[in-house]
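Please look over the sequence and the 3D structure below. A short report on the fold and its contacts follows.

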Amino acid sequence: QVQLAESGGGLAQAGGSLRLACAASGLTSSTYGAGWFRQAPGKEREFVAHIMWNNGITYYADSVKGRFAIARDNVRNTVDLQMNSLRPDDSAVYYCAVRAHIGGIVDQISGYDYWGQGTQVTVSS
């Protein structure tokens, strides 16, 4: 089974930056892509970013476009999320997820097969 573990969360000031890492193990040739979601208290889990596994094409939620960047690090075997120009409403638990099939919609929870346990990001004013 695929195992995902997020790290790098913490406290940042508005306008600051954090870099999250998702360590992935057990990936197979069926891996189609990886993404990041986030969930704030009282809100539904929402899509943040996605990267195609083989060609590196990325897709972002409008709310983070131009501020966040998703990247695959083949040396460290991680999927990273660089978060810049952080805002208080970026505060959430951030989850990484993997798509192990072709099809589905990349910005929907149902499009993913494996999930990490999340890492807390808190942005202060």
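## Overall fold

This is a predicted model. The protein has zero helices and eleven strands. Along the sequence the pattern reads β-β-β-β-β-β-β-β-β-β-β.

The radius of gyration is 13 Å; a compact globule with 125 residues would have a value near 14 Å, so the two agree. Along the principal axes, the C-alpha atoms fill a box of roughly 45 × 30 × 25 Å. Of the 125 residues, 42% count as buried. Among contacts with a separation of 6 or more, 58% come from residues 24 or more positions apart.

Strands of a sheet pair through backbone hydrogen bonds, either parallel or antiparallel. Six bridges link S7 and S8 (residues 78-83) in the antiparallel sense. Phe68 has Met83 in S8 as its bridge partner.

## Hairpins around S5

S4 and S5 run antiparallel and are joined by six bridges. Arg38 stands opposite Glu46 in S5. The two strands form a hairpin with six residues between them. Gly42, in the turn, has a positive phi of about 80°.

S5 also pairs with S6 (residues 58-60), again in the antiparallel sense, over three bridges. Here Ala49 has Tyr60 in S6 as its bridge partner. S5 and S6 form a hairpin with five residues between them. In that turn, Gly56 has a positive phi of about 75°. How many of the seven residues of strand S5 (residues 46-52) are buried? Five are, so S5 is largely enclosed by the rest of the structure.

## Aromatic rings

A search of the whole structure finds five aromatic pairs. A pair of aromatic rings is described by the distance of the centres and the angle of the planes. For Phe37 and Tyr112, the centres are 5.0 Å apart and the planes stand at 85°, so the pair is edge-to-face. Phe37 lies in S4 (residues 33-39), while Tyr112 lies in the loop between S9 (92-99) and S10 (114-115), so the pair ties together parts that are 75 residues apart in sequence.

Are Phe37 and Tyr112 buried or exposed? Both Phe37 and Tyr112 are buried. They belong to one aromatic cluster, formed by Phe37, Phe47, Tyr59, Tyr112 and Trp115.

## Charges over rings

Two arginines deserve a look here. Arg45 lies over the face of Tyr95, at 3.7 Å from the ring centre. The charged end of Arg72 sits over the ring of Trp53, 3.8 Å from its centre.

Ala23 is placed in strand S3 (residues 18-25).

What does Ala23 touch, not counting residues up to four places away in sequence? Its contacts are Gln3, Leu4, Ala5, Asn77 and Thr78. Ala23 and Arg76 are 53 residues apart in sequence, yet 7.8 Å apart in space, C-alpha to C-alpha.

Asn77 has a phi near 55°, a positive value in a residue other than glycine. With 37% relative accessibility, Asn77 counts as partly exposed.

Ser85 lies in the loop between S8 and S9. Ser85 is not a glycine, but its phi is positive, at about 50°. Its relative accessibility is 40%, so Ser85 counts as partly exposed.

Key. Residues are numbered from 1 along each chain as its sequence is written. This is a predicted model: local features need pLDDT of at least 70, side-chain atom pairs count only at pLDDT 80 or more; totals for chains, interfaces and linings use all residues. Side-chain values use heavy atoms; hydrogens and water are left out. Two strands pair if DSSP finds at least two bridges between them. Helices (H or I, at least four residues) and strands (E, at least two) are DSSP runs, numbered from the N terminus. Rings of Phe, Tyr and Trp (its six-membered ring) pair if their centres lie within 6.5 Å; planes under 30 degrees apart count as stacked, over 60 as edge-to-face and the rest as tilted. Buried means under 20% relative accessible area, exposed over 50%, partly exposed in between (1.4 Å probe, protein chains only). A charge sits over a ring if NZ of Lys or CZ of Arg is within 6 Å of the ring centre and within 35 degrees of the ring normal. The radius of gyration is taken over C-alpha atoms; the globule rule is 2.2 Å times the number of residues to the power 0.38. Contact means heavy atoms within 4.5 Å.
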